[in-house]
Amino acid sequence: MIGVSSGLPIETVIGGDVFTSVTPGVIPLLSQLTINLAAALGDAIRLFGWFAIALYLLINALYFVIHTAALPRLQTEHRFSQWNEPYEAMDSPFLPGVAVIIPAYNEEEVILDCVQSSILLEYSDRETVVVNDGSDDETLAVLIEEFDMQPIPTDCPIDFPTEPVHDVYRSTTDTDLYVIDKDNGGRSDAVNAGVWFTDMELFCTIDADTILDKAGLSEVVKPFLRNWGTVIATGGTVRVANGTPVDEGEIEEPEFPRGFLPSVQVLEYLRSFYSGRIGLDTLESLIILSGAFGVFRTDLVRDIGGYRTDTLTEDLDLVLRLHKTMIDSGEDYEVSFVPAPVAWTEVPETLSVFVAQRRRWYNGLLENLITHREMMFNPKYGPIGLFALPFFLIAEAIGPLVEGIGYVLLPIAVLLGIFEPASFLLFFTVTSGFGIFLSWYATYGEVWTFRRYRKVSQVVQLMVLGVLENVGYRQLRTFIKITGLPQFVRGNTEWGEMVREGFDD
(Lines give C-alpha, C1' and ligand atoms only; values in the text may rest on other atoms or scores of the structure.)
Protein backbone atom coordinates (compact mmCIF):
# COMPACT_ATOMS: atom_id res chain seq x y z
CA MET A 1 0.00 0.00 0.00
CA ILE A 2 1.21 3.50 -0.84
CA GLY A 3 0.30 6.03 1.76
CA VAL A 4 0.65 9.79 1.62
CA SER A 5 0.26 11.89 4.69
CA SER A 6 -1.77 15.04 4.05
CA GLY A 7 -4.67 16.96 5.41
CA LEU A 8 -7.04 15.53 2.75
CA PRO A 9 -8.08 11.94 2.09
CA ILE A 10 -6.51 10.42 -1.05
CA GLU A 11 -7.09 7.55 -3.42
CA THR A 12 -5.57 4.25 -2.24
CA VAL A 13 -4.88 1.40 -4.65
CA ILE A 14 -4.59 -2.14 -3.26
CA GLY A 15 -4.09 -5.02 -5.67
CA GLY A 16 -6.27 -3.50 -8.32
CA ASP A 17 -9.14 -2.45 -6.03
CA VAL A 18 -9.67 1.26 -5.90
CA PHE A 19 -10.97 2.81 -2.73
CA THR A 20 -11.80 6.45 -3.12
CA SER A 21 -12.50 8.83 -0.33
CA VAL A 22 -13.18 12.43 -1.37
CA THR A 23 -13.82 15.18 1.03
CA PRO A 24 -17.34 16.49 0.39
CA GLY A 25 -17.26 19.76 -1.63
CA VAL A 26 -13.91 19.23 -3.46
CA ILE A 27 -15.51 18.41 -6.82
CA PRO A 28 -17.89 21.39 -6.73
CA LEU A 29 -14.94 23.58 -5.71
CA LEU A 30 -12.84 22.36 -8.66
CA SER A 31 -15.77 22.93 -11.01
CA GLN A 32 -16.22 26.44 -9.74
CA LEU A 33 -12.50 27.15 -10.14
CA THR A 34 -12.70 25.90 -13.74
CA ILE A 35 -15.71 28.11 -14.41
CA ASN A 36 -13.97 31.13 -12.88
CA LEU A 37 -10.82 30.47 -14.89
CA ALA A 38 -12.81 30.17 -18.12
CA ALA A 39 -14.68 33.36 -17.32
CA ALA A 40 -11.43 35.21 -16.59
CA LEU A 41 -9.93 33.91 -19.84
CA GLY A 42 -12.99 35.04 -21.77
CA ASP A 43 -12.79 38.49 -20.18
CA ALA A 44 -9.09 38.70 -21.07
CA ILE A 45 -9.78 37.79 -24.72
CA ARG A 46 -12.59 40.33 -24.95
CA LEU A 47 -10.34 42.95 -23.37
CA PHE A 48 -7.60 42.14 -25.88
CA GLY A 49 -10.08 42.41 -28.74
CA TRP A 50 -11.24 45.85 -27.71
CA PHE A 51 -7.65 46.92 -27.02
CA ALA A 52 -6.70 45.88 -30.57
CA ILE A 53 -9.65 47.81 -32.00
CA ALA A 54 -8.77 50.92 -29.97
CA LEU A 55 -5.09 50.64 -30.94
CA TYR A 56 -5.91 50.50 -34.64
CA LEU A 57 -8.33 53.40 -34.37
CA LEU A 58 -5.34 55.38 -33.06
CA ILE A 59 -3.01 54.02 -35.75
CA ASN A 60 -5.55 54.79 -38.48
CA ALA A 61 -5.95 58.33 -37.16
CA LEU A 62 -2.16 58.80 -37.37
CA TYR A 63 -2.03 57.37 -40.89
CA PHE A 64 -4.91 59.61 -41.93
CA VAL A 65 -3.08 62.69 -40.66
CA ILE A 66 0.06 61.69 -42.58
CA HIS A 67 -1.78 60.90 -45.82
CA THR A 68 -3.89 64.07 -45.60
CA ALA A 69 -0.73 66.15 -45.12
CA ALA A 70 0.77 64.45 -48.18
CA LEU A 71 -1.89 65.15 -50.82
CA PRO A 72 -1.65 68.97 -51.10
CA ARG A 73 2.13 68.77 -50.91
CA LEU A 74 2.14 66.15 -53.68
CA GLN A 75 0.03 68.40 -55.90
CA THR A 76 2.33 71.37 -55.20
CA GLU A 77 5.44 69.32 -56.02
CA HIS A 78 3.79 68.18 -59.24
CA ARG A 79 3.14 71.80 -60.30
CA PHE A 80 6.76 72.70 -59.55
CA SER A 81 7.99 69.78 -61.64
CA GLN A 82 5.93 71.02 -64.63
CA TRP A 83 7.34 74.55 -64.44
CA ASN A 84 9.95 75.41 -67.06
CA GLU A 85 12.73 77.52 -65.56
CA PRO A 86 13.78 80.59 -67.56
CA TYR A 87 17.35 79.33 -67.43
CA GLU A 88 18.91 75.88 -67.26
CA ALA A 89 20.08 75.63 -63.67
CA MET A 90 21.68 72.25 -64.25
CA ASP A 91 24.14 73.78 -66.73
CA SER A 92 25.58 76.04 -64.03
CA PRO A 93 29.32 75.57 -63.35
CA PHE A 94 28.61 76.08 -59.64
CA LEU A 95 26.57 72.93 -59.12
CA PRO A 96 27.72 70.76 -56.22
CA GLY A 97 29.54 67.65 -57.36
CA VAL A 98 27.72 64.35 -56.78
CA ALA A 99 29.19 60.86 -56.52
CA VAL A 100 26.76 58.07 -57.38
CA ILE A 101 27.86 55.19 -55.15
CA ILE A 102 26.71 51.69 -56.12
CA PRO A 103 27.53 48.87 -53.66
CA ALA A 104 27.61 45.56 -55.51
CA TYR A 105 27.77 42.01 -54.20
CA ASN A 106 27.08 39.25 -56.77
CA GLU A 107 25.18 41.59 -59.10
CA GLU A 108 26.27 40.29 -62.50
CA GLU A 109 22.63 40.07 -63.67
CA VAL A 110 21.83 43.78 -63.13
CA ILE A 111 25.03 45.77 -62.71
CA LEU A 112 25.52 46.82 -66.34
CA ASP A 113 22.07 48.40 -66.68
CA CYS A 114 22.49 50.14 -63.34
CA VAL A 115 25.89 51.63 -64.21
CA GLN A 116 24.69 52.61 -67.69
CA SER A 117 21.75 54.51 -66.17
CA SER A 118 24.18 56.38 -63.90
CA ILE A 119 26.40 57.33 -66.84
CA LEU A 120 23.36 58.71 -68.72
CA LEU A 121 22.23 60.96 -65.86
CA GLU A 122 21.58 64.56 -66.88
CA TYR A 123 23.91 66.20 -64.38
CA SER A 124 27.11 67.95 -65.34
CA ASP A 125 29.34 67.32 -62.31
CA ARG A 126 28.98 63.72 -61.26
CA GLU A 127 31.01 60.56 -61.04
CA THR A 128 30.01 56.93 -60.62
CA VAL A 129 31.74 54.79 -58.00
CA VAL A 130 30.93 51.08 -58.05
CA VAL A 131 32.16 49.19 -54.99
CA ASN A 132 32.62 45.49 -55.69
CA ASP A 133 32.14 44.08 -52.20
CA GLY A 134 33.97 40.78 -52.55
CA SER A 135 31.65 39.30 -55.16
CA ASP A 136 32.26 35.67 -56.00
CA ASP A 137 30.44 35.83 -59.33
CA GLU A 138 31.34 37.74 -62.52
CA THR A 139 30.35 41.23 -61.28
CA LEU A 140 33.88 42.64 -61.51
CA ALA A 141 34.67 40.84 -64.75
CA VAL A 142 31.65 42.15 -66.64
CA LEU A 143 32.41 45.71 -65.50
CA ILE A 144 36.05 45.44 -66.60
CA GLU A 145 35.06 44.08 -70.00
CA GLU A 146 32.10 46.37 -70.72
CA PHE A 147 33.72 49.66 -69.65
CA ASP A 148 37.38 48.82 -70.26
CA MET A 149 38.30 49.32 -66.61
CA GLN A 150 42.03 49.71 -65.95
CA PRO A 151 43.66 49.58 -62.51
CA ILE A 152 45.02 52.91 -61.32
CA PRO A 153 48.82 52.33 -61.44
CA THR A 154 49.69 54.15 -58.20
CA ASP A 155 48.70 53.30 -54.65
CA CYS A 156 45.45 54.90 -53.60
CA PRO A 157 46.29 57.70 -51.08
CA ILE A 158 43.10 57.06 -49.09
CA ASP A 159 43.11 55.08 -45.85
CA PHE A 160 39.73 53.36 -46.21
CA PRO A 161 37.99 52.69 -42.84
CA THR A 162 36.62 49.48 -44.36
CA GLU A 163 37.56 45.92 -45.19
CA PRO A 164 40.80 45.81 -47.22
CA VAL A 165 40.73 47.38 -50.70
CA HIS A 166 42.63 45.48 -53.40
CA ASP A 167 42.45 47.70 -56.45
CA VAL A 168 40.81 50.86 -57.75
CA TYR A 169 39.89 50.83 -61.45
CA ARG A 170 39.03 53.67 -63.83
CA SER A 171 37.22 53.37 -67.12
CA THR A 172 38.96 54.42 -70.33
CA THR A 173 35.60 54.90 -72.09
CA ASP A 174 34.01 56.99 -69.33
CA THR A 175 36.65 58.62 -67.16
CA ASP A 176 34.09 59.49 -64.46
CA LEU A 177 33.48 55.80 -63.75
CA TYR A 178 35.47 54.08 -61.00
CA VAL A 179 35.35 50.59 -59.50
CA ILE A 180 36.70 49.84 -56.02
CA ASP A 181 37.46 46.14 -55.51
CA LYS A 182 37.51 45.16 -51.84
CA ASP A 183 36.90 42.29 -49.46
CA ASN A 184 33.33 41.58 -48.46
CA GLY A 185 32.11 43.69 -45.56
CA GLY A 186 28.42 44.16 -46.24
CA ARG A 187 26.46 46.98 -47.83
CA SER A 188 27.35 49.63 -45.23
CA ASP A 189 31.05 48.87 -45.50
CA ALA A 190 30.87 49.07 -49.29
CA VAL A 191 29.10 52.45 -49.27
CA ASN A 192 31.64 53.77 -46.74
CA ALA A 193 34.44 52.90 -49.16
CA GLY A 194 32.77 55.09 -51.78
CA VAL A 195 32.10 57.90 -49.29
CA TRP A 196 35.75 58.07 -48.27
CA PHE A 197 36.97 57.68 -51.86
CA THR A 198 35.06 60.57 -53.44
CA ASP A 199 35.91 64.24 -53.13
CA MET A 200 32.43 65.32 -54.28
CA GLU A 201 30.37 67.53 -51.95
CA LEU A 202 27.35 65.20 -52.16
CA PHE A 203 26.93 61.49 -52.68
CA CYS A 204 23.93 59.54 -53.91
CA THR A 205 23.46 55.90 -52.94
CA ILE A 206 21.58 53.54 -55.23
CA ASP A 207 21.33 49.76 -55.17
CA ALA A 208 22.80 47.71 -57.98
CA ASP A 209 19.32 46.52 -58.98
CA THR A 210 18.16 50.12 -59.50
CA ILE A 211 17.69 52.30 -62.59
CA LEU A 212 17.52 56.09 -62.18
CA ASP A 213 15.46 58.35 -64.42
CA LYS A 214 17.73 60.48 -66.59
CA ALA A 215 16.63 63.63 -64.77
CA GLY A 216 16.43 61.88 -61.40
CA LEU A 217 19.71 63.15 -59.97
CA SER A 218 19.17 66.77 -61.02
CA GLU A 219 15.66 66.71 -59.47
CA VAL A 220 16.68 65.19 -56.16
CA VAL A 221 19.54 67.69 -55.77
CA LYS A 222 17.29 70.78 -56.17
CA PRO A 223 16.57 71.20 -52.42
CA PHE A 224 20.32 71.55 -51.88
CA LEU A 225 20.44 74.32 -54.51
CA ARG A 226 17.53 76.19 -52.92
CA ASN A 227 18.88 75.96 -49.36
CA TRP A 228 22.58 75.19 -49.54
CA GLY A 229 24.01 74.86 -46.06
CA THR A 230 20.63 73.96 -44.55
CA VAL A 231 19.60 70.83 -46.47
CA ILE A 232 21.69 67.86 -45.36
CA ALA A 233 19.88 64.95 -47.07
CA THR A 234 17.20 64.30 -49.67
CA GLY A 235 15.48 61.24 -51.06
CA GLY A 236 13.45 60.42 -54.15
CA THR A 237 10.67 58.04 -55.06
CA VAL A 238 11.35 54.33 -55.50
CA ARG A 239 9.12 52.33 -57.85
CA VAL A 240 9.00 48.72 -58.98
CA ALA A 241 11.03 47.88 -62.10
CA ASN A 242 9.91 44.24 -62.46
CA GLY A 243 8.12 43.74 -65.77
CA THR A 244 9.19 47.13 -67.18
CA PRO A 245 11.47 46.99 -70.24
CA VAL A 246 14.96 48.45 -69.77
CA ASP A 247 17.00 49.45 -72.81
CA GLU A 248 20.70 50.11 -72.10
CA GLY A 249 20.04 51.65 -68.72
CA GLU A 250 16.86 53.54 -69.65
CA ILE A 251 13.33 52.78 -68.45
CA GLU A 252 10.77 52.54 -71.22
CA GLU A 253 6.98 52.75 -70.64
CA PRO A 254 6.31 51.37 -67.13
CA GLU A 255 4.47 48.06 -67.06
CA PHE A 256 3.14 45.91 -64.25
CA PRO A 257 5.12 42.83 -63.23
CA ARG A 258 3.98 39.32 -63.97
CA GLY A 259 2.70 37.55 -60.86
CA PHE A 260 0.78 38.70 -57.81
CA LEU A 261 3.66 39.11 -55.35
CA PRO A 262 5.68 41.71 -57.32
CA SER A 263 2.47 43.38 -58.59
CA VAL A 264 1.09 44.06 -55.13
CA GLN A 265 4.42 45.62 -54.18
CA VAL A 266 3.82 48.23 -56.91
CA LEU A 267 0.92 49.60 -54.86
CA GLU A 268 2.80 49.18 -51.59
CA TYR A 269 5.74 51.27 -52.83
CA LEU A 270 3.36 53.83 -54.31
CA ARG A 271 1.56 54.31 -50.99
CA SER A 272 4.78 54.32 -48.98
CA PHE A 273 6.44 57.09 -51.02
CA TYR A 274 3.61 59.19 -52.47
CA SER A 275 1.72 59.31 -49.18
CA GLY A 276 3.95 58.14 -46.34
CA ARG A 277 7.26 59.88 -47.09
CA ILE A 278 5.68 63.11 -48.34
CA GLY A 279 3.34 63.31 -45.35
CA LEU A 280 6.13 62.69 -42.86
CA ASP A 281 8.29 65.32 -44.59
CA THR A 282 5.44 67.84 -44.39
CA LEU A 283 5.15 67.12 -40.65
CA GLU A 284 8.95 67.50 -40.25
CA SER A 285 9.13 63.85 -39.21
CA LEU A 286 11.01 62.22 -42.09
CA ILE A 287 13.40 59.61 -40.68
CA ILE A 288 13.68 57.16 -43.61
CA LEU A 289 15.42 57.85 -46.91
CA SER A 290 15.60 54.70 -48.98
CA GLY A 291 19.03 53.18 -49.46
CA ALA A 292 17.96 52.68 -53.08
CA PHE A 293 17.81 56.45 -53.70
CA GLY A 294 19.18 58.97 -51.19
CA VAL A 295 21.53 61.97 -51.40
CA PHE A 296 23.67 63.19 -48.47
CA ARG A 297 26.30 65.77 -47.66
CA THR A 298 29.59 63.91 -47.77
CA ASP A 299 31.31 65.89 -45.01
CA LEU A 300 28.51 65.35 -42.48
CA VAL A 301 28.35 61.61 -43.08
CA ARG A 302 32.12 61.35 -42.63
CA ASP A 303 31.91 63.45 -39.45
CA ILE A 304 29.49 60.97 -37.81
CA GLY A 305 31.62 57.98 -38.84
CA GLY A 306 29.78 56.91 -41.98
CA TYR A 307 27.29 54.07 -42.11
CA ARG A 308 27.22 51.66 -39.19
CA THR A 309 28.17 48.14 -40.22
CA ASP A 310 26.47 46.39 -37.29
CA THR A 311 22.87 47.27 -38.09
CA LEU A 312 20.22 45.63 -40.26
CA THR A 313 18.80 48.88 -41.66
CA GLU A 314 21.73 51.22 -42.08
CA ASP A 315 19.73 53.84 -44.01
CA LEU A 316 17.28 54.40 -41.12
CA ASP A 317 20.13 54.49 -38.61
CA LEU A 318 22.10 57.05 -40.65
CA VAL A 319 19.18 59.48 -40.96
CA LEU A 320 18.38 59.21 -37.25
CA ARG A 321 22.02 59.89 -36.36
CA LEU A 322 22.05 62.90 -38.66
CA HIS A 323 18.89 64.25 -37.01
CA LYS A 324 20.39 63.74 -33.56
CA THR A 325 23.73 65.32 -34.48
CA MET A 326 22.15 68.44 -35.97
CA ILE A 327 19.65 68.91 -33.13
CA ASP A 328 22.33 68.40 -30.47
CA SER A 329 24.50 71.00 -32.20
CA GLY A 330 21.65 73.51 -32.37
CA GLU A 331 22.08 74.09 -36.12
CA ASP A 332 19.21 74.70 -38.53
CA TYR A 333 18.89 71.84 -40.98
CA GLU A 334 16.46 70.10 -43.30
CA VAL A 335 15.89 66.54 -44.51
CA SER A 336 13.68 66.56 -47.61
CA PHE A 337 11.73 64.15 -49.76
CA VAL A 338 11.34 64.93 -53.48
CA PRO A 339 8.56 62.95 -55.21
CA ALA A 340 9.34 63.80 -58.85
CA PRO A 341 12.60 61.84 -59.40
CA VAL A 342 12.20 58.08 -59.58
CA ALA A 343 14.52 55.15 -59.01
CA TRP A 344 13.20 51.90 -60.45
CA THR A 345 14.21 48.90 -58.40
CA GLU A 346 13.79 45.15 -58.57
CA VAL A 347 11.54 43.71 -55.85
CA PRO A 348 11.39 40.07 -54.69
CA GLU A 349 9.43 37.72 -56.91
CA THR A 350 9.78 34.57 -54.79
CA LEU A 351 8.28 34.07 -51.36
CA SER A 352 11.55 33.06 -49.70
CA VAL A 353 13.38 36.22 -50.82
CA PHE A 354 10.38 38.36 -49.87
CA VAL A 355 10.21 36.84 -46.39
CA ALA A 356 13.93 37.42 -45.82
CA GLN A 357 13.68 41.05 -46.93
CA ARG A 358 10.62 41.96 -44.84
CA ARG A 359 11.89 40.13 -41.78
CA ARG A 360 15.13 42.13 -42.00
CA TRP A 361 13.20 45.40 -42.39
CA TYR A 362 11.07 44.72 -39.31
CA ASN A 363 13.95 43.54 -37.14
CA GLY A 364 15.98 46.53 -38.28
CA LEU A 365 13.18 48.85 -37.21
CA LEU A 366 13.08 47.25 -33.75
CA GLU A 367 16.85 47.53 -33.51
CA ASN A 368 16.82 51.25 -34.34
CA LEU A 369 13.94 52.03 -31.99
CA ILE A 370 15.97 50.50 -29.17
CA THR A 371 19.26 52.08 -30.25
CA HIS A 372 17.76 55.58 -30.47
CA ARG A 373 15.30 55.24 -27.58
CA GLU A 374 16.70 58.32 -25.84
CA MET A 375 15.19 60.45 -28.62
CA MET A 376 11.71 58.95 -28.26
CA PHE A 377 9.14 61.13 -26.43
CA ASN A 378 11.96 63.62 -25.82
CA PRO A 379 10.81 67.24 -26.46
CA LYS A 380 14.42 68.21 -27.22
CA TYR A 381 14.14 66.36 -30.56
CA GLY A 382 10.92 68.07 -31.63
CA PRO A 383 8.71 66.27 -34.17
CA ILE A 384 11.27 63.46 -34.51
CA GLY A 385 11.07 62.58 -30.81
CA LEU A 386 7.43 63.43 -30.22
CA PHE A 387 5.80 62.15 -33.42
CA ALA A 388 8.01 60.21 -35.85
CA LEU A 389 9.58 57.68 -33.47
CA PRO A 390 6.39 57.14 -31.39
CA PHE A 391 4.45 56.66 -34.64
CA PHE A 392 6.82 53.96 -35.89
CA LEU A 393 6.81 52.31 -32.46
CA ILE A 394 3.01 52.14 -32.31
CA ALA A 395 2.08 51.65 -35.96
CA GLU A 396 4.99 49.64 -37.37
CA ALA A 397 6.47 47.79 -34.39
CA ILE A 398 3.65 47.05 -31.93
CA GLY A 399 0.66 47.24 -34.29
CA PRO A 400 1.54 44.23 -36.48
CA LEU A 401 2.11 42.02 -33.42
CA VAL A 402 -1.30 42.90 -31.96
CA GLU A 403 -2.93 42.51 -35.38
CA GLY A 404 -1.37 39.09 -35.99
CA ILE A 405 -2.45 37.76 -32.58
CA GLY A 406 -5.93 39.10 -33.29
CA TYR A 407 -6.18 37.22 -36.60
CA VAL A 408 -5.56 33.93 -34.76
CA LEU A 409 -7.15 34.46 -31.36
CA LEU A 410 -10.35 36.36 -32.15
CA PRO A 411 -11.85 33.95 -34.76
CA ILE A 412 -11.40 31.10 -32.26
CA ALA A 413 -13.06 33.25 -29.60
CA VAL A 414 -15.99 33.88 -31.95
CA LEU A 415 -16.43 30.14 -32.55
CA LEU A 416 -16.42 29.53 -28.78
CA GLY A 417 -18.95 32.28 -28.20
CA ILE A 418 -16.47 34.41 -26.23
CA PHE A 419 -16.22 37.29 -28.73
CA GLU A 420 -19.13 38.71 -30.70
CA PRO A 421 -18.98 38.26 -34.52
CA ALA A 422 -19.87 41.93 -34.97
CA SER A 423 -16.91 42.90 -32.79
CA PHE A 424 -14.55 40.75 -34.89
CA LEU A 425 -15.94 42.38 -38.03
CA LEU A 426 -15.13 45.75 -36.48
CA PHE A 427 -11.57 44.53 -35.75
CA PHE A 428 -11.14 43.43 -39.39
CA THR A 429 -12.56 46.74 -40.63
CA VAL A 430 -10.21 48.94 -38.61
CA THR A 431 -7.19 46.88 -39.68
CA SER A 432 -7.66 45.60 -43.23
CA GLY A 433 -10.67 47.70 -44.24
CA PHE A 434 -8.97 51.01 -43.52
CA GLY A 435 -5.91 49.72 -45.37
CA ILE A 436 -8.03 49.52 -48.54
CA PHE A 437 -9.00 53.17 -48.07
CA LEU A 438 -5.36 54.24 -47.70
CA SER A 439 -4.36 52.29 -50.82
CA TRP A 440 -7.10 53.95 -52.86
CA TYR A 441 -6.10 57.32 -51.38
CA ALA A 442 -2.55 56.79 -52.65
CA THR A 443 -3.86 55.69 -56.06
CA TYR A 444 -5.82 58.95 -56.25
CA GLY A 445 -2.58 60.87 -55.64
CA GLU A 446 -0.85 58.93 -58.42
CA VAL A 447 -3.68 59.50 -60.93
CA TRP A 448 -4.00 63.24 -60.32
CA THR A 449 -0.31 64.14 -60.16
CA PHE A 450 2.70 62.42 -61.73
CA ARG A 451 0.81 59.40 -63.15
CA ARG A 452 3.65 57.21 -64.30
CA TYR A 453 1.10 54.45 -64.91
CA ARG A 454 -0.96 56.07 -67.66
CA LYS A 455 -3.14 53.24 -68.93
CA VAL A 456 -6.69 52.97 -67.62
CA SER A 457 -6.14 49.23 -67.16
CA GLN A 458 -3.18 49.97 -64.88
CA VAL A 459 -5.25 52.34 -62.71
CA VAL A 460 -7.97 49.70 -62.44
CA GLN A 461 -5.33 47.15 -61.49
CA LEU A 462 -4.11 49.45 -58.72
CA MET A 463 -7.66 49.71 -57.37
CA VAL A 464 -8.12 45.93 -57.42
CA LEU A 465 -4.75 45.41 -55.76
CA GLY A 466 -5.86 47.83 -53.04
CA VAL A 467 -8.45 45.23 -52.03
CA LEU A 468 -6.37 42.10 -52.57
CA GLU A 469 -3.43 43.59 -50.68
CA ASN A 470 -5.49 43.73 -47.50
CA VAL A 471 -7.03 40.27 -47.82
CA GLY A 472 -4.10 37.87 -47.74
CA TYR A 473 -0.97 39.90 -48.47
CA ARG A 474 -1.35 42.12 -45.41
CA GLN A 475 -1.78 39.09 -43.18
CA LEU A 476 1.32 37.50 -44.75
CA ARG A 477 3.42 40.57 -43.90
CA THR A 478 2.03 40.52 -40.35
CA PHE A 479 3.00 36.90 -39.72
CA ILE A 480 6.44 37.45 -41.27
CA LYS A 481 7.05 40.11 -38.63
CA ILE A 482 5.76 37.93 -35.79
CA THR A 483 7.90 34.98 -36.83
CA GLY A 484 10.90 37.28 -37.23
CA LEU A 485 10.64 38.51 -33.65
CA PRO A 486 12.32 35.39 -32.14
CA GLN A 487 15.25 35.93 -34.54
CA PHE A 488 15.59 39.49 -33.29
CA VAL A 489 15.51 38.36 -29.66
CA ARG A 490 18.25 35.80 -30.41
CA GLY A 491 20.35 38.54 -32.03
CA ASN A 492 20.22 37.07 -35.55
CA THR A 493 21.57 39.75 -37.94
CA GLU A 494 21.60 37.73 -41.17
CA TRP A 495 20.34 39.53 -44.26
CA GLY A 496 19.20 36.44 -46.12
CA GLU A 497 19.99 35.82 -49.78
CA MET A 498 18.68 38.50 -52.14
CA VAL A 499 18.44 36.70 -55.50
CA ARG A 500 18.36 39.00 -58.55
CA GLU A 501 16.22 38.04 -61.52
CA GLY A 502 17.61 40.78 -63.78
CA PHE A 503 15.81 43.54 -65.69
CA ASP A 504 13.56 42.86 -68.69
CA ASP A 505 15.56 43.80 -71.79
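# Close-up views of a predicted model

View 1. Buried means under 20% relative accessible area, exposed means over 50%, and partly exposed lies in between (1.4 Å probe, protein chains only). Strands (E, at least two residues) and helices (H or I, at least four) are DSSP runs, numbered from the N terminus. This is a predicted model, in which local features need pLDDT of at least 70, side-chain atom pairs count only at pLDDT 80 or more, and totals for chains, interfaces and linings use all residues. Residues are numbered from 1 along each chain as its sequence is written, and side-chain values use heavy atoms, with hydrogens and water left out. Which residues of β7 point one way, and which the other? Leu177, Val179 and Asp181 point one way. Tyr178, Ile180 and Lys182 point the other way. All of these residues are buried.

View 2. Two strands pair if DSSP finds at least two bridges between them. Strand β4 (residues 126-133) runs parallel to β7, and 6 bridges join them. Val130 has Val179 of β7 as its bridge partner. Strand β6 (residues 165-171) pairs with β7 in the antiparallel sense, over 5 bridges. Here Arg170 is partnered by Tyr178 of β7. β6 and β7 form a hairpin, with 5 residues between them.

**View 3. Val115 sits in the largest nonpolar core.** A nonpolar core is a set of buried Ala, Val, Leu, Ile, Met, Phe, Trp, Tyr and Cys residues, joined through side-chain atoms within 4.5 Å. The largest one here has 133 residues. Ile102, Val115, Val130, Leu217 and Phe296 touch the most other members. Helix α1 (residues 26-82) gives the largest share of this core, 12 residues. In soluble globular proteins, nonpolar side chains tend to be buried together. What does Val115 touch, not counting residues up to four places away in sequence? Its contacts (heavy atoms within 4.5 Å) are Ile102, Val130, Leu143, Phe147 and Leu177.

**View 4. Strand β13 is covered on both faces.** Strand β13 spans residues 294-297. Gly294 and Phe296 lie on one side, Val295 and Arg297 on the other, and all are buried. Strand β8 (residues 202-205) runs antiparallel to β13, joined by 4 bridges. Phe203 has Phe296 of β13 as its bridge partner. Strand β10 (residues 231-240) also pairs with β13 in the antiparallel sense, over 3 bridges. In that pairing, Thr234 stands opposite Val295.

View 5. Rings of Phe, Tyr and Trp (its six-membered ring) pair if their centres lie within 6.5 Å; planes under 30 degrees apart count as stacked, over 60 as edge-to-face, and the rest as tilted. By this rule there are 17 aromatic pairs. Why does the pair of Phe224 and Trp228 count as tilted? Their ring centres are 6.2 Å apart and their planes stand at 55°, so the pair is tilted. Phe224 is buried, at 0% relative accessible area. Trp228 is partly exposed, at 45% relative accessibility. Elsewhere, ring pairs link Tyr63, Phe387, Phe391 and Phe392 into a cluster.

**View 6. Tyr444 and Trp448 form a tilted pair.** Their rings are 6.2 Å apart, centre to centre, with 50° between the planes. Tyr444 is partly exposed, with a relative accessible area of 35%. Trp448 is exposed, at 58% relative accessibility. Trp448 is found in the loop between α11 (421-447) and α12 (456-490). Trp448 and Gln75 are 373 residues apart in sequence, and their C-alpha atoms are 7.9 Å apart in space.

**View 7. Arg277 lies over the face of Phe273.** A charge sits over a ring if NZ of Lys or CZ of Arg is within 6 Å of the ring centre and within 35 degrees of the ring normal. Arg277 is 4.3 Å from the ring centre of Phe273.

**View 8. Ile251 is found in strand β12.** This strand spans residues 250-251. Ile251 touches Ile211, Thr244, Pro245, Val246 and Trp344, not counting residues up to four places away in sequence. Ile251 and Ser117 are 134 residues apart along the chain, yet their C-alpha atoms are separated by 8.9 Å.
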